Amino acid sequence: MTRTGKRTLAASAAALAGVLAVAGTASAQPGPAAVQSGMGTGEILPYPGETGLIWIPDWIGDGGAVTASVNPSQPFTVTVGCQGGGSVQVHVAGLAPADFTVQCPVGATGTGSVEIPARPGRDLLFTVTASDQAIHWGMYATQAD
């Protein structure tokens, strides 16, 4: 790995820690009904295998992730699944930004995906905003070799 690649990876890891720290803060709802956002204990989406760049099996409430440079000559796909009623808004920030909404049924998993085209400079930030802080969601980003 080049020195630049190591710096990019280190910067991305630091950003991820910041995003997860923010995502793990308590809900702004007052009183004992407040829900703590954070890692769930299930698996909303299965492990994507070797093509996976990111895998978040189960998160509760708002959250997100970052990825270091991916292969700029290949498109990649972001998939989000959720459960619990309501919906999640997904935003992929970068040179080819994308937004989509996934409906989260009760007792089942709703899914949605978007393909991000091949482009240079693909350090990306993924954010998920839940309509209810009790919604469980999972995400993965995959890219073919």
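Predicted model: local features only at pLDDT ≥ 70, side-chain atom pairs only at ≥ 80, totals over all residues.
**Exercise 1. Strand partners**

Which residue in E9 does Ile56 stand opposite?

*Solution.* Residues are numbered from 1 along each chain as its sequence is written, and side-chain values use heavy atoms, with hydrogens and water left out.

Step 1. Ile56 stands opposite Met139 in E9. Strands (E, at least two residues) and helices (H or I, at least four) are DSSP runs, numbered from the N terminus.

Step 2. Next, the pairing: E2 and strand E9 (residues 136–142) are joined in the antiparallel sense by 6 bridges. Two strands pair if DSSP finds at least two bridges between them.

Step 3. Now widen the view. The open sheet has 5 strands in the order E1-E2-E9-E4-E7, with antiparallel pairing. Its edge strands, each pairing on one side only, are E1 (38–39) and E7 (110–116).

Step 4. E1 runs antiparallel to strand E2 (residues 52–60), and 2 bridges join them. In E2, Trp59 is the bridge partner of Met39, and Ile60 is that of Gly38.

**Exercise 2. The chain as a whole**

How many helices and strands are there in the chain, and what pattern does the chain follow along the sequence?

*Solution.* Step 1. The chain has 1 helix and 9 strands. Along the sequence the pattern is α-β-β-β-β-β-β-β-β-β.

Step 1. Of its 145 residues, 40% count as buried. Buried means under 20% relative accessible area, exposed over 50%, and partly exposed in between (1.4 Å probe, protein chains only).

Step 2. Take the contacts between residues at least 6 apart in sequence: 68% of them join residues at least 24 apart. Contact here means heavy atoms within 4.5 Å.

Step 3. The accessible surface of the chain comes to about 7,500 Å², and 58% of this belongs to carbon and sulfur atoms. These areas come from the Shrake-Rupley method with a 1.4 Å probe; for residues, only the protein chains shown count as cover.

**Exercise 3. Inside the core**

Which residues have the most contacts inside the largest nonpolar core?

*Solution.* Step 1. The largest nonpolar core has 27 residues, and Val78, Val88, Phe126 and Met139 have the most contacts inside it. Such a core is a set of buried Ala, Val, Leu, Ile, Met, Phe, Trp, Tyr and Cys residues joined through side-chain atoms within 4.5 Å.

Step 1. The elements giving two or more residues to this core are E2, E4, E5 (87–93), E6 (98–103), E7, E8 and E9.

**Exercise 4. Aromatic pairs**

How many aromatic pairs does the structure hold? Describe the geometry and accessibility of each.

*Solution.* Step 1. The structure holds 2 aromatic pairs. Rings of Phe, Tyr and Trp (its six-membered ring) pair if their centres lie within 6.5 Å; planes under 30 degrees apart count as stacked, over 60 as edge-to-face and the rest as tilted.

Step 1. Tyr47 and Trp55 are edge-to-face, at 5.2 Å centre to centre and 75° between the planes. Tyr47 counts as exposed because its relative accessibility is 56%, and Trp55 counts as partly exposed at 30%.

Step 2. The rings of Phe76 and Phe126 have their centres 6.5 Å apart and their planes at 75°, so this pair is edge-to-face. It links distant parts of the chain: Phe76 lies in E4 and Phe126 in E8, 50 residues apart.

Step 3. Phe76 is buried at 1% relative accessible area, and Phe126 is buried at 0%.

**Exercise 5. Gly81 and Gln133**

Are Gly81 and Gln133 buried or exposed?

*Solution.* Step 1. Gly81 lies in strand E4 (residues 76–83). Gly81 is buried because its relative accessible area is 0%.

Step 1. The C-alpha atoms of Gly81 and Gly112 are separated by 6.5 Å, although the two residues are 31 apart along the chain. Not counting residues up to four places away in sequence, Gly81 touches Ile44, Thr109, Trp137 and Gly138, among others.

Step 2. Gln133 is found in the loop between E8 (124–130) and E9. With a relative accessible area of 15%, Gln133 is buried too.

Step 3. The side chains of Gln133 and Asp62 are joined by a polar contact of 3.0 Å. A polar contact is a pair of N or O atoms within 3.5 Å; within protein, one must be able to donate a hydrogen and the other to accept it, and residues adjacent in sequence count only if both atoms are side-chain atoms.
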